[in-house]
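Work through these exercises with the structure in view. Try each task before you read its solution.

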Amino acid sequence: MNVNQGQSEHSRLKRLLKLSCGVLALGLAMPSAYGFQQADEGEAAEQQETRDVIVVTGIRASVTQALDLKRTSTEIVDSIVAEDIAEFPDNNVIEALQRVAGVQITDRGAGEGSALTIRGLPDATTTFNGRNVFTASGAALSLADVPANLVQRLDVYKTRSADQFAAGLAGQIDIRTRRPFDFEDFSLSAVARATYNEQSDRIDPNFSALIANRWETSAGEFGLMANVSYSETHYRDMGASAGAIIPFATADNPPPGFAPLERIFPTDARVVDANGEQVEIWQPGLDRGLPDAAGSTLNFGTLGDYEYVLARDALFAGDLYGERERPAFNIAAQWSPNANAVYTAEYLYQGFRSQTFNSLHFTFADWWGSLGADPGSTFETYEGTNVISSRTVRDVFGFQSGDFTDSQTDSHVFALNGDWTLFDDALNLVGDLSYQTSEFETAFIAMRTSRVAPELTVDFNSGNGMPDWGFTDESLLLDPSVWTVGELFDNRGRNTGDAITFSLDGDYDLDRGRGGFLQTFSAGLRWDRRGATEGIWEQPQSVGALGQPFSNLPEAAYHVNKGFNDGRSDVPTSWVLPNGYWLADNADQVRSLYAAALPALDIELSDEIEIVDDFDVEETTMSVYAMLDMQFQLAERPLDVRLGGRYTSVETDIAFTDRITGDSSDASPSSEKFLPSVLLRYEMTDDIVLRFNYGETLRRPAFAALNPNFSLTEDLTNVGYGNGDGGNPDLDVTTSKNYDFSAEWYFGDDDAFYVTVFRREVDGLVVPLNRRITIPNDRYNTDLFVVSQPVNASDGVLEGAEIGLTYFPDNLPGLLDGFGVLGSVTFLDSEQNIPLTNSAGEIVGEENTSFFGVSDFSYNATLAYENEWLGARLSYVYREDFLNANEERNFANPIGIWRRPEKSLDLAVNLNLRDNVSVTFDAVNITDEVQQEYYAFGDAGGPDIYNFRNLILGRTFTVGVKYDF
């Protein structure tokens, strides 16, 4: 960062902190400034009696309710309640959940977090009002699509009873929306917010409204409620990346027939053994990559052993502009004809709209053509290594691509529920019937332009993981006439899902006030019929370059970005390329430009393109459970014991279609599992609660993971082969044995300290196996592909501890009264065995590694303040480095892609102007963080030499108004 940029960032942060302090000071001054008088105790008590019992107000009230849920539950559960969600500056459910102990979120691009783990595991079961819900053809709900405004409560179950869903190794997240009988009488509330995104430089609306009422009639009590939410987000993601590492010949002593600094491919016709057979010079995708010590050698067959150097093959920058809409609403009606019955009908709609335009700049950094008379002078290496740190290359090929994606999701849930109390309150019976449907559609179109640049200078890591690069005449990046119109990419996708579900649950009071040890017997069943399809249409291959200057296209086809990378490093800040919005609006016209190639490829020039389903699924699930609650006296204190078991049977019928050949196949996998559970809860004192849990859970493979057909990508970067991904119809479920022990000390209504230790023993983890195969075809530019397919070939153990504290000190003097702290720390340790394969896909060994997505250490801390007029929270979340993914095994760097520590400092302030009107101010990512990745595996690699991707996250600031009646 240059000095001026640093001063600018410092000034912006100072202004933000001054604004925050001003808002805080205004809140502290408001009682005197507005002449408000504090209500006397009797008036306050009267107000409390008439206040809605569910929609709690105030930070401490919501904390108290969440702690009460945690304390009285048999399971280990953490909750965020009503106003508690609104007090955080969170746009969706995932971001709200990052405040929960043991929950870690990731993938913070696109203006917000989009994925989470619970105690390091990524596959939590998601339920809506207790119903299992999903998005499109997936097995779970896309939590990132759920607006926080729609939610009354979030319950994160880290242990499960037999009456809960068996799926989800990580746990269960239940999203609770409001219902009419949650309110005493007429209720009306609305929230309107405006959010400024610093990187997109846009202001976006966000609002929600709720209206509810209930009436006493001669036919019983009726209630109606409607809740609507709408949010809009414009964002800009700016990412600069140093590419993967490949070997090159040395400058001073290349193998015979090789030029200085020539790229070394895995095989080469010039390199053979004594029998004339081609030799594999190096194997891509080694776990620790090729050796990077200075003087390391490769074997060139009959040519002998020669030293090599390692360098990045490319550099790329993505300047992505995105806009997102989330419309959502739910309607609920309730009827209680008498004190023993409640009937509920509800409908939930959840929508998602997204458009993204990625302005992609790509340049190779390894062209070995015009190096001049002294190639050795064109580069430098990191000390003690053979890894090139900086270099100058000439005649480099590069391209720029305008990539446009338009997608939308529509999900509907219709439900009827009956709740009956029978036999003098001894039996509670709940029946639920629901139907849901969800559809996701996406369309993608992209056009490339290309050129050969005279010279490129690059520093692959100029500091803190950021690369620098530049061209001799960067004005040419903005000149359409020097760019040639390249390939066209065009595809569509559609995923659908539907389900009809019936469940019946009963709880029978065995004790009936007699004081015996048998308390409650519970049993139930659930039947579910699920359908899903997933299909895509794509061109048989990327349609080849037009071979005409970009300047021949109309001016509307040009897009020029500005201010890329926010001054974080010395990279190009502006370039011209095809405008993604123009491509989408003129898709048929764009396709017609490639008309000479289209007839041979049998592509129709029309938006009405038939999408053929890759798979069509029908799955039937039947589950039954039984559970017994008992209570014993241990040292004259209650010990609650819950024993249970759940039996689940799944029958699946899948029809597959090969996208390349059109051939059909089918599979009928099935599974039967019995999952026991034991939960103990002991009130050691009035304030201390101990819990122990043993339970078994499972993870079913995703439908797409069962599809044996390959989705192929041609050789886009001249590595000599393409890539492919396919499923495996023989995949089995993954199972986990779970152990949990917690100690909780409740030393006040809104004060608690707790410690939980846990262990997960996971069998049958799904990992990818890779092999190199030949697939003859006329659709792609190669017949050779490295394909990946999932197998149950790994076992693992995850264990750790959580420590949490909620504390609002009583009787602090003066204005200090109302301060509190909330926070948690999570320690994790994980290990799983990863099979190692040769090029044929045969397992030749194994390696131990961490679970993906697991940070060994993470925490969240919140300083809260609340008085009658002001509520404020300053929150900080942090997680250590974690293994995020494995590279596609095409290159010579270490295979693991790690994410550097992630953190965010957020502020939320709420000022109560009147009894029912308040204003809010939120700031997210105050410290303006960058999301960074690097290559590493075991003791190889690391961020200093093997830096990879950088993504600027930016900051958002929100002001809003809330009204309650």
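A charge patch is built from residues with over 30% relative accessible area and no salt bridge, like charges being joined within 9 Å. Lys and Arg count as positive, Asp and Glu as negative, while His and the chain ends are not counted. Each charge is placed at NZ of Lys, CZ of Arg, CG of Asp or CD of Glu. Accessible areas come from the Shrake-Rupley method with a 1.4 Å probe, and for residues only the protein chains shown count as cover.

This is a predicted model, in which local features need pLDDT of at least 70 and side-chain atom pairs count only at pLDDT 80 or more, while totals for chains, interfaces and linings use all residues. Residues are numbered from 1 along each chain as its sequence is written, and side-chain values use heavy atoms, with hydrogens and water left out.

**Exercise 1. Which residues gather in a patch of negative charge on the surface?**

Solution. Step one: find Glu651, Asp653, Asp666 and Glu672, which form the negative patch. Helices (H or I, at least four residues) and strands (E, at least two) are DSSP runs, numbered from the N terminus. Step three: classify Asp666. Its relative accessibility is 65%, so Asp666 is exposed. The classes are buried (under 20% relative accessible area), exposed (over 50%) and partly exposed (in between), with a 1.4 Å probe and protein chains only.

**Exercise 2. How many helices and strands does the protein have?**

Solution. Step one: count eight helices and 47 strands. Step two: turn to burial. The protein has 965 residues, and 55% of them count as buried. Step three: take the surface. The accessible surface is about 39,100 Å², with 53% belonging to carbon and sulfur atoms.

**Exercise 3. What is Trp215 in contact with, leaving aside its neighbours within four places in sequence?**

Solution. Step one: locate Trp215 in strand β9, residues 202-217. Step two: list its contacts (heavy atoms within 4.5 Å). With those neighbours left aside, they are Gly220, Glu221, Phe222, Gly223 and Leu224.

**Exercise 4. Are Glu346 and Arg131 buried or exposed?**

Solution. Step one: identify the link. Glu346 and Arg131 form a salt bridge, with their closest N and O atoms 2.9 Å apart. A salt bridge needs a side-chain nitrogen of Lys or Arg within 4 Å of a carboxyl oxygen of Asp or Glu. Step two: trace the chain. Glu346 lies in strand β17 (residues 341-364) and Arg131 in strand β5 (residues 131-132), 215 residues apart. Step three: both residues are buried. Step four: count salt bridges by this rule, which gives 40.

**Exercise 5. What does Ala341 touch, not counting residues up to four places away in sequence?**

Solution. Step one: find Ala341 in strand β17. Step two: with that exclusion, Ala341 touches Trp335, Ser336, Asp419 and Trp420. Step three: Ala341 has 5% relative accessibility, so it counts as buried.

Definitions and conventions:
Patch = residues over 30% accessible without salt bridge, like charges linked within 9 Å, V, L, I, M, F, W, Y side chains within 5 Å.
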